[in-house]
Amino acid sequence: YSAFFTESFIDEVAHATGRDPLRFRLDLLKSHPRHRAVLELACSKAGWGTSLGTGRARGLALHESFGSIVAQVVEVSLVGKAPRVHRVVCAIDCGVAVNPDIVMQQMEGGIVFGLTAALFGEITIEHGRVQQTSFAQYPMALLRDCPAIETHIVASTEPPGGVGETGVPPIAPAIANALFALTGRRLRALPLRLSE
């Protein structure tokens, strides 16, 4: 959960200082070559700095957990006031990738899980009772909500790190940062809603 706050804040500071979010992060990471390599790979593959045209924007986030470093760049638009994530480009340095296919599958699963939390995940309480008693009352990302996902693995000789949960933390702040780029509004709470 800390990735949402730290990566949103770093993006906010970059904007306040008139800096590109990627350049700002790269300057902060001068003594962290693995982090820089992951971030540069994700942004390169996503086309950071190129135009998406009217009505779409990109956002990025970077996070280290379980011995692995993950960067994600998302492309978003709005359908009415609802965010729509079209594409996620993910780069990971998990040390030696023992099974690259499983690494990619874990990143995809983590991104979809995180997408659910970022856009739909809410538990409401009324009269002391949780209102979501089953999945019928708890919206989740469905196939129609899922973006195109690309995963790129950084070649590494470091010891293997975790991949089971590392795809989750960057997605919410990357979406929030993209929504700021698109709308000029900072969303500081999950789920991300422009209507409130």
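In this predicted model, helix α4 (residues 100-119) packs against helix α5 at an angle of about 55°, and the two axes are 8 Å apart. The helices α4 and α5 are therefore oblique to each other; angles from 65 to 115 degrees would count as roughly perpendicular and those under 35 as roughly parallel. The crossing of α4 and α5 is right-handed. On the α4 side the contact is made by Ile111, Gly114, Leu115, Ala118 and Leu119, and on the α5 side by Ile171, Ala172 and Ile175. Sorted by class, the contact of α4 with α5 has seven nonpolar residues, one polar residue and no charged residues.

**Helix α1 and its partners**

Helix α5 (residues 171-183) also packs against helix α1 (residues 2-16), here at an angle of about 30° with the axes 8 Å apart. The two helices α1 and α5 are therefore roughly parallel to each other, the limit for that term being an angle under 35 degrees. In passing α5, α1 makes a right-handed crossing. The contact of α1 with α5 comprises six nonpolar, three polar and two charged residues.

Helix α1 has a further packing partner in helix α2 (residues 21-28), at an angle of about 110° and with the axes 9 Å apart. This angle makes α1 roughly perpendicular to α2. Glu7, Ile10, Asp11, Val13 and Ala14 of α1 meet Pro21, Phe24, Arg25 and Leu28 of α2. The residues in the contact of α1 with α2 are six nonpolar, three charged and no polar.

| Helix pair | Angle and axis separation |
|---|---|
| α4 and α5 | about 55°, 8 Å |
| α1 and α5 | about 30°, 8 Å |
| α1 and α2 | about 110°, 9 Å |

**Two buried residues**

Asn177 belongs to helix α5. With a relative accessible area of 2%, Asn177 is buried, since the term covers values under 20%. Leaving aside residues up to four places away in sequence, Asn177 touches Glu7, Ser8, Asp11, Arg25, Arg58, Gly59, Leu60 and Arg186.

Val88 is in strand β3 (residues 82-93). The relative accessibility of Val88 is 0%, and Val88 therefore counts as buried. Apart from residues up to four places away in sequence, Val88 touches Gln72, Val73, Val74, Ile111, Pro147, Ala148, Ile149, Glu150 and Ile171. Val88 and Ile111 are 23 residues apart along the chain, and their C-alpha atoms are separated by 8.3 Å. Both Ile111 of α4 and Ile171 of α5 also take part in the contact between those two helices.

**Cysteines**

How many disulfides does a search of the whole structure find? The search finds zero. Cys94 is in no disulfide, and the nearest cysteine sulfur, that of Cys90, is 10.0 Å away. A disulfide would need the two sulfur atoms within 2.5 Å. Cys94 counts as buried because its relative accessibility is 2%. Cys146 is likewise in no disulfide; for Cys146 the nearest cysteine sulfur is that of Cys90, 15 Å away. With a relative accessible area of 23%, Cys146 is partly exposed.

**Backbone features**

Phe66 is not a glycine, yet has a positive phi of about 55°. Phe66 is in the loop between β1 (57-65) and β2 (68-79). At 54% relative accessibility, Phe66 counts as exposed, the term applying to values over 50%. His127, also not a glycine, has a positive phi of about 55°. His127 is placed in the loop between β4 (125-126) and β5 (129-130). His127 counts as exposed, with a relative accessibility of 77%.

The peptide bond that joins Leu190 and Pro191 is cis, with omega about -5°. Pro191 is located in the segment after α5.

Technical notes. Residues numbered from 1 in each chain as written. Predicted model: local features only at pLDDT ≥ 70, side-chain atom pairs only at ≥ 80, totals over all residues. Heavy atoms only, no water. Axes fitted to C-alpha atoms, helices over the stretch in contact; angles between N-to-C directions. Helix = DSSP H or I, 4+ residues; strand = E, 2+ residues; numbered from the N terminus. Parallel < 35°, antiparallel > 145°, perpendicular 65-115°, else oblique. Left-handed = near helix turned anticlockwise from the far one by under 90°. Nonpolar A, V, L, I, M, F, W, Y, C, P; charged D, E, K, R; others polar. Buried < 20%, exposed > 50% of the residue type's maximum accessible area, 1.4 Å probe, protein only. Contact = heavy atoms within 4.5 Å.
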